[in-house]
Amino acid sequence: MTDTTAGHRFGEGPLARACALVYTLLVVESLFLLTTVPGLAGLVLLGRDAANVPLAACCLIPVGPALSAALYALHHRRLDLTDLRPGAAFWRGYRVNLRGVVKLWIPWLLWLTVIGSNLANLTGAGVPGWWAVLSVLIAVAATLWVANAVVITSLFTFRARDVARLAVYFLTRSPRASLGNTCLLVLAAGLTLIASEALPVLLASVLASALLLNSRPMIAEVRERFTA
């Protein structure tokens, strides 16, 4: 006999959906840590010295594919508590998006390395203060660009150059998304400065979920206008 008073089948109610979300976030976080732990361990051990900027960039290389896999898994997450496969979705996203993400992630890291090295040696170089402000603004814009690029690469299949163009286009096309991602960037930077590099990493699945939420208008427009 079927219980018609419950209103939902087992695994589909509000509490079940909340549990499914928490479970998905925990699994995605665990796999994110698993795929980035060598680089992140090196990053935590590095001192905050100007000479370590290139090494820090190298340590961050695994973060790009892991972030892409996390976004893929969270985007394709199941709402039914009895039908959860976040681990399988993460590994599929990692495998499918690895090449495309690396083509965009590494150039971004190289660009940030140049900017970071210049900022670290600003006093010795004798350049004016406005140059530091301009460099920070460029770094922020580049980070917002790569955030868009990773989201697009994670959920759609485009050539790397097309992803790069779309990521630039949506910086101004979706100002609310850019503002939301700026807030996430400030939050991650603040957590790093106040605590350590480890804290944003431990919240990676939550930050990825927020990035995905901010990017919903962009995702919808890409699907509507740029896919068949």
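Predicted model: local features only at pLDDT ≥ 70, side-chain atom pairs only at ≥ 80, totals over all residues.

Which residue forms a salt bridge with Arg173? I found Glu221, with the closest N and O atoms 3.0 Å apart. (A salt bridge here is a side-chain nitrogen of Lys or Arg within 4 Å of a carboxyl oxygen of Asp or Glu.) The pair links distant parts of the chain, Arg173 in helix 7 (residues 160-173) and Glu221 in helix 11, 48 residues apart.

Residues are numbered from 1 along each chain as its sequence is written, and side-chain values use heavy atoms, with hydrogens and water left out.

I checked accessibility next. Glu221 is buried at 12% relative accessibility, while Arg173 is partly exposed at 46%. (Buried means under 20% relative accessible area, exposed over 50%, partly exposed in between, with a 1.4 Å probe and protein chains only.)

Glu221 also forms a salt bridge with Arg225, closest N and O atoms 2.9 Å apart. Both lie in helix 11, four residues apart, about one turn of the helix. (Helices are DSSP runs of H or I, at least four residues, and strands runs of E, at least two, numbered from the N terminus.) Arg225 is partly exposed at 48%.

I then looked at Asp162, whose side chain meets that of Arg159 in a salt bridge (2.9 Å, N to O). Asp162 is buried at 18%; Arg159 is partly exposed at 48%. My search of the whole structure gave four salt bridges.
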